[in-house]
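Please keep the sequence and the 3D view at hand.

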Amino acid sequence: MKTRAFTIVEVMVVLAIGAVFLGIGIPAFRALMGYKERAPLEQAISDVEDICRKARIEAILGKQVMEVYLNDVEDVVALSTAPRAVMGMDLDTGVETRQAQPGEEKRRLELTADMEIIAPRDDEFDGELRLRFYPNGTAEAAEVRVSEATGAYRLAIDPVTGQTMVENEEDL
């Protein structure tokens with residue numbers, strides 16, 4: 001009578017396959033659990049970076065100045081066209097003069113984390129910053145910190161290229 005059993009090679013192959021699945025699954029599970037803790041912070045810095053990138057792209061492609069409004073009191077970020085001067089008729093005098101035309105707001109977000117404008121700041125800073133992106137790809141320099149109890153990120157805008165750079169403060 002012959003008994004059927006697994007050979008040692010078959011058992012080792014099954015164990016190796018199981019080890020591969022565990023090796024892939026455990027780090028992915030840990031990352032998923034850690035992501036839930038940091039999701040609002042990462043979403044907030046991603047939103048600020050996304051609006052700045054969109055402003056730069058729309059300024060270059062649309063050949064018009066775009067403006068990013070940052071408010072660190074209300075933790076609001078907004079994208080709009082920049083106000084501009086146009087010729088118009090003054091209704092009081094009947095004379096054609098330059099008049100300010102307000103910008104058109106395209107996107108507005110309330111952040112889920114705390115935002116602090118680091119630069120530029122002066123004695124008259126009131127918590128608001130209007131950051132301009134120009135059609136030639138340049139921008140005004142700025143630095144913003146987005147934080148929460150779980151950590152913080154810094155976003156800097158290079159004035160020469162208009163590009164954003166994000167750094168995790170844990171890495172600094």
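Begin in this predicted model with Ile118, which belongs to strand E6, residues 114-119. Its relative accessible area is 25%, so Ile118 is classed as partly exposed, the class between buried, under 20%, and exposed, over 50%. Apart from neighbours within four places in sequence, Ile118 has contacts with Glu143, Val144, Arg145 and Arg154. Asp72 lies 46 residues from Ile118 along the chain, and the C-alpha atoms of the two are 9.9 Å apart.

Now turn to the sheet. Four strands form an open sheet in the order E5-E2-E1-E7, and their pairing is antiparallel. The edge positions are taken by E5 (105-110) and E7 (128-133); each has a single partner strand, so one side of each has no neighbour in the sheet. From one strand to the next, the twist averages 15 degrees. Within this sheet, E1 (residues 66-71) and E2 (residues 76-81) are joined by 6 bridges in the antiparallel sense. Asn71 has Val76 in E2 as its bridge partner.

The loop between E1 and E2 holds Asp75. Beyond neighbours within four places in sequence, the residues in contact with Asp75 are Leu109, Glu110, Leu111, Ala113, Asp114 and Met115.

Note on methods
Residues numbered from 1 in each chain as written. Predicted model: local features only at pLDDT ≥ 70, side-chain atom pairs only at ≥ 80, totals over all residues. Heavy atoms only, no water. Pairing = 2+ DSSP bridges. Helix = DSSP H or I, 4+ residues; strand = E, 2+ residues; numbered from the N terminus. Axes fitted to C-alpha atoms, helices over the stretch in contact; angles between N-to-C directions. Contact = heavy atoms within 4.5 Å. Buried < 20%, exposed > 50% of the residue type's maximum accessible area, 1.4 Å probe, protein only.
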